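Hi everyone, thanks for making time today.

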Amino acid sequence: MTSQTAARELALAAIHDALGGFASEGELNSLGPDENLREALELDSIDFLSFVEHLSTVTGHRIEEDDYPRLSTLNSCVDFLTGR
Amino acid sequence: MAQFVMPSLGADMEEGTVLEWLVKPGDSVRKGDVVAVIDTAKAAVDVECFTSGTIGEILVPEGEKVPVGIPLAVIAEPGTAPVPAPAKPVRARKPTRERPPSKKPLASPPVRTFAAQHGIDLATVHGTGRGGAITRNDVARALTTEPRPAPAVRRITPYARKLAAELGVDLAGLTADPVRARDVRAAAVPPRHRAEPAEPRPREDRDDDAMRRAIANLMTRSKREIPHYYLSTTIDLHTATTWLRERNLQVPVTERVVPATLLLKASALAAKQVPQLNGRWLDNAFQPGSGIHLGIAVSLRGGGLIAPALQDADTLGIPELMVRLRELVSRTRSGRLTSSELTTATITVTNLGDLGVESVQGVIYPPQVALIGFGAVVPRPWAVDGMLTVRPVVTATLAADHRASDGATGARLLNTIDRLLQRPEEL
């Protein structure tokens with residue numbers, strides 16, 4: 001496993017963890033990588049803020065509101081967190 | 001002497017189940033104390049006492065479902081001697097069972113008796129019989145696998161037992177007597193993270209049909225009785241969103257405020273300035289609200305809607321309003337509301353912007369007389385000083401009761417919201 005793959009797996013695990021309060025593990029596993037998270041999981045703006053808070057905490061990086069568009073799908077979240 | 005009756009926790013409630021008593025005869029209570037947990041079609045509600053005094057007799061035991069208005073307990077008010085409770089009042093009708101038959105675990109009467117004798121809640125037993133029916137063997141198995149508390153010494157309320165099963169709490173580890181739901185909650189493992197701070201009631205625990213029926217009855221009543229009129233305006237949020245963005249850049253992520261908070265605060269202040277829309281229509285007359293208690297329409301995961309009140313919303317600063325909003329939404333979704341939150345709203349706000357629609361023509365919650373709606377904040381072409389530019393805008397709508405107010409009053413409310421949102425720093 002390349003380090004890049006490992007980093008993406010770690011990022012995905014962090015995202016799953018941050019979404020844990022909103023969906024079951026099964027629901028998260030059935031999410032398509034390019035599905036819109038807020039629509040698929042029916043997250044309102046407060047839910048989304050909780051998600052961002054959690055991600056900020058586990059990654060140790062403050063996520064600004066201007067970054068929100070980059071957090072729209074699982075894939076884009078992973079890209080964002082792994083700095084791509 | 002006062003009687004504590006099954007409260008009406010909203011215009012759509014006809015009956016409720018006493019899930020748990022938090023007081024016993026002889027206990028002193030003060031107005032506002034939570035004395036019982038009542039299950040409605042929509043939520044388990046912490047019901048507050050309406051008066052101060054001493055609890056006399058408990059008239060309706062835990063687990064029983066009775067119509068609204070039936071006395072549940074007798075309260076001796078201060079200054080009056082705690083006289084013996086009057087004879088048990090005649091019930092309006094035979095109390096129905098705790099759960100609708102369709103939701104009740106399948107078990108034959110002898111099995112039920114067997115389970116009851118051994119203190120086993122059938123809801124916690126896995127049935128292996130035909131059609132998932134619970135057999136005597138299933139109960140026996142539950143008896144041997146479930147850690148048993150010291151027999152016949154401690155009492156555990158049915159609600160506490162059910163919660164313990166839901167939350168995975170070992171009842172043997174609890175020392176309270178009787179063990180109540182709050183003891184179980186205190187012992188429960190904290191939820192995974194703060195997105196849902198209150199303990200969630202599992203979805204299957206709610207009767208979705210009952211929730212749907214309650215909403216159906218209330219909305220039908222609204223459309224049948226209330227002559228609605230509708231107004232709509234589009235508000236430029238350039239100033240408000242710019243101000244909010246600057247503010248959010250300067251605070252920790254945990255103190256970030258979402259735009260909906262500004263819309264709610266502006267609505268509360270506008271309702272204060274246009275009091276004709278803040279209150280209730282009762283007995284063919286408008287009764288002004290005794291404060292701005294903003295009903296917040298909260299959609300539940302898995303369907304359904306509850307609109308609890310954010311009390312005195314006009315007096316809360318933006319950061320505090322945001323905290324209270326998060327907390328209220330979380331408790332609404334986990335089914336932990338108080339009776340006053342369910343009964344005091346004076347005007348309701350529905351924000352459908354998160355669902356991506358641009359506007360909502362709402363249905364008023366009777367007996368309220370107005371409902372404010374917001375759609376999504378979207379970038380749109382906008383004329384400023386004769387020049388075309390792009391601005392973030394939101395469509396604000398008002399559904400109002402024409403018996404209580406006229407269009408000119410409604411227009412004043414929407415225009416006030418617009419004006420307030422142009423000065424976000426003053427909200």
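Let me begin with words: helices (H or I, at least four residues) and strands (E, at least two) are DSSP runs, numbered from the N terminus. What you see is a predicted model, where local features need pLDDT of at least 70, side-chain atom pairs count only at pLDDT 80 or more, and totals for chains, interfaces and linings use all residues. Residues are numbered from 1 along each chain as its sequence is written, while chains are lettered from A and ligands numbered from 1 in the order in which they are written.

Chain B, then. In chain B there are 10 helices and 20 strands. Of its 427 residues, 38% count as buried, meaning that 20 or more other C-beta atoms, placed from the backbone, lie within 10 Å of the residue's own. Two residues are in contact if their C-beta atoms, placed from the backbone, lie within 7 Å. Among the contacts in chain B with a separation of 6 or more, 61% are between residues 24 or more positions apart.

Now to a sheet. Five strands of chain B form an open sheet in the order E7-E2-E4-E5-E16, with mixed pairing; two strands pair if DSSP finds at least two bridges between them. At the edges sit strand E7 (65-67) and strand E16 (336-338) of chain B, each pairing on one side only.

Let's zoom in on one pair. Strand E2 (residues 15-21) and strand E4 (residues 34-39) of chain B run antiparallel and are joined by four bridges. Opposite B:Ile38 in E4(B) stands B:Val18.

What covers the buried residues of H3(B)? The cover includes E2, E4 and helix H4 (181-187) of chain B. Helix H3 itself spans residues 158-167 of chain B, and its buried residues are B:Tyr159, B:Ala160, B:Arg161, B:Lys162, B:Leu163 and B:Ala164. Just after H3(B) comes B:Gly168, with a positive phi of about 70°.

One more stop: the loop between E4 and strand E5 (44-48) of chain B, which is the place of B:Ala41. Why does B:Ala41 count as buried? Because B:Ala41 has 23 C-beta neighbours inside 10 Å. From C-alpha to C-alpha, B:Ala41 and B:Glu14 are 9.2 Å apart in space, and they are 27 residues apart in sequence.

Finally, the partner chain: the contact takes 18 residues from chain A and 18 residues from chain B.

Notes
Buried ≥ 20, exposed ≤ 12 C-beta atoms within 10 Å, placed from the backbone.
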